[in-house]
Amino acid sequence: MKKVIILGGSFDPIHKGHISILKEAMNELDINEGWLMIARNPRWKSDYSSISMRLKLLSLVVKNEKNIKICKEELNDKSTNYTYNTMLRLKEKYNNIEFYFLIGGDQLNLLNKWYEIDKLSRIVNFVVVNRPNYELNNENIKKYNCIVINYNGPDISSTDFKNTLNLNLIPEYLHDYIIKTGNYYKRKLRKLVNYRRYCHSLQVAKLAKEIAMNNSYDENKAFLAGLLHDCAKDVKKSIEDEIMLKLFSKHISEKRLVYHQYVGSILVEKEFNIKDIDIIDAIRCHTTGEVNMSTLSKILYCADKIEPTRGFDSSYMINECLNDIEKGFLLVLKENYIFLVKEKGLNLKDSSATKECLEYYNIV
């Protein structure tokens with residue numbers, strides 16, 4: 001008899017953890033197929049993406065992962081989705097399949113409260129994912145004949161991605177589609193910045209990612225830095241002043257238009273739980289630059305200045321950055337200096353950070 005294991009969820013979005021757990025269970029129990037059973041309207045969640053969006057991501061998974069399929073059974077049921085009712089319908093449709101149902105330790109500990117759990121446990125084999133340092137309910141394991149498998153893979157959730165917007169948490173073959181639609185980025189970033197700023201940030205992120213790829217640098221870090229670099233652009237002046245006075249007092253004499261880089265370096269940790277010091281540092285100097293900049297700081301500085309929707313022909317600078325970020329950075333730094341001083345009339349005395357950067361790289 002064919003064996004199939006089901007992993008249910010909202011998959012908003014599906015991430016590396018989902019796939020890793022499913023494949024681990026299939027391998028350990030010698031199961032033929034894994035089914036991703038998508039929920040229509042998760043009753044335990046109030047803010048989720050459209051069914052079409054989530055299904056598109058699942059279809060890309062199925063295209064790239066062998067022996068994994070989509071189960072749409074719960075999409076056809078507009079009433080409350082109970083696993084027991086769903087499994088009854090699946091057993092009727094596929095009487096030649098032995099079904100397994102994958103759950104986490106948290107679900108195991110509540111299994112006795114599931115609808116018709118005694119009947120359900122007789123028509124499906126529950127497989128419990130045992131994570132390190134998580135206490136399982138042994139009574140439920142015995143009562144419902146659960147199979148326990150140990151798992152040491154990535155411990156992430158869809159919420160982790162939506163909170164941090166970190167592409168490293170989802171499979172690479174989903175990156176382009178998620179970036180193209182901008183669904184998750186718009187929902188998170190639009191709470192902080194206006195639509196024009198959001199569009200600019202997404203363009204900077206795309207260009208930073210491309211520059212990083214061409215220069216053998218971590219493209220996902222570059223994308224994230226680009227996406228979040230202006231997150232503090234629309235912060236209230238009172239909050240901006242408070243942060244500047246408390247944490248960046250030595251820069252308080254600079255023009256207000258550069259404050260957002262300093263405030264942003266604080267905001268990315270608070271709002272997006274960003275701990276990566278490279279990303280934080282890059283955001284902190286993306287407007288003015290600074291002495292001895294890191295590769296990521298150079299990538300972000302350039303991408304911000306020359307992203308293609310800026311309204312001028314920056315193609316020659318983009319090409320130089322793609323070919324060699326070190327040479328490209330010096331070119332962009334020089335061109336930006338010319339623009340600021342000759343066209344904007346910037347007095348370098350008013351921006352010590354910019355002046356220090358330009359002097360360090362022998363631009364002035």
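Q: In this predicted model, which residue of β6 is the bridge partner of V127?
A: Let's start with the two strands involved: β5, residues 125-130, pairs with β6 in the parallel sense, over four bridges. V127 has its bridge partner in β6, and that partner is I147.

Q: Which strands stand at the edges of the open sheet?
A: The sheet is open and has six strands with parallel pairing, in the order β3-β2-β1-β4-β5-β6. An edge strand has a single partner, so one side of it is left without a neighbour in the sheet. That describes β3 (68-71) and β6 (147-150).

Q: What angle does the direction of helix α3 make with that of β4?
A: Helix α2, residues 51-64, lies across β2 (33-38) and β3, and runs at about 155° to β3. Helix α3, residues 83-93, packs on the sheet and touches β1, β2, β3 and β4. With the direction of β4 (97-104), that of α3 makes about 155°.

Q: Are α10 and α11 roughly parallel or roughly antiparallel to each other?
A: The axes of α10 (residues 195-214) and α11 (residues 219-228) come within 7 Å and cross at roughly 155°. Angles over 145 degrees count as roughly antiparallel. The two helices are therefore roughly antiparallel.

Q: How many nonpolar residues does the contact of α10 with α11 have?
A: The contact is made by residues of both helices, including L202, V204 and A205 of α10 and F223 and L227 of α11. By class, there are three charged and three polar residues, and the nonpolar ones number nine.

Conventions:
Residues are numbered from 1 along each chain as its sequence is written. This is a predicted model: local features need pLDDT of at least 70, side-chain atom pairs count only at pLDDT 80 or more; totals for chains, interfaces and linings use all residues. Side-chain values use heavy atoms; hydrogens and water are left out. Axes are lines fitted to C-alpha atoms, for helices over the stretch in contact, and angles run from 0 to 180 degrees between N-to-C directions. Angles under 35 degrees count as roughly parallel, over 145 as roughly antiparallel, 65 to 115 as roughly perpendicular and the rest as oblique. Contact means heavy atoms within 4.5 Å. Ala, Val, Leu, Ile, Met, Phe, Trp, Tyr, Cys and Pro count as nonpolar, Asp, Glu, Lys and Arg as charged, and the others, Gly among them, as polar. Two strands pair if DSSP finds at least two bridges between them.
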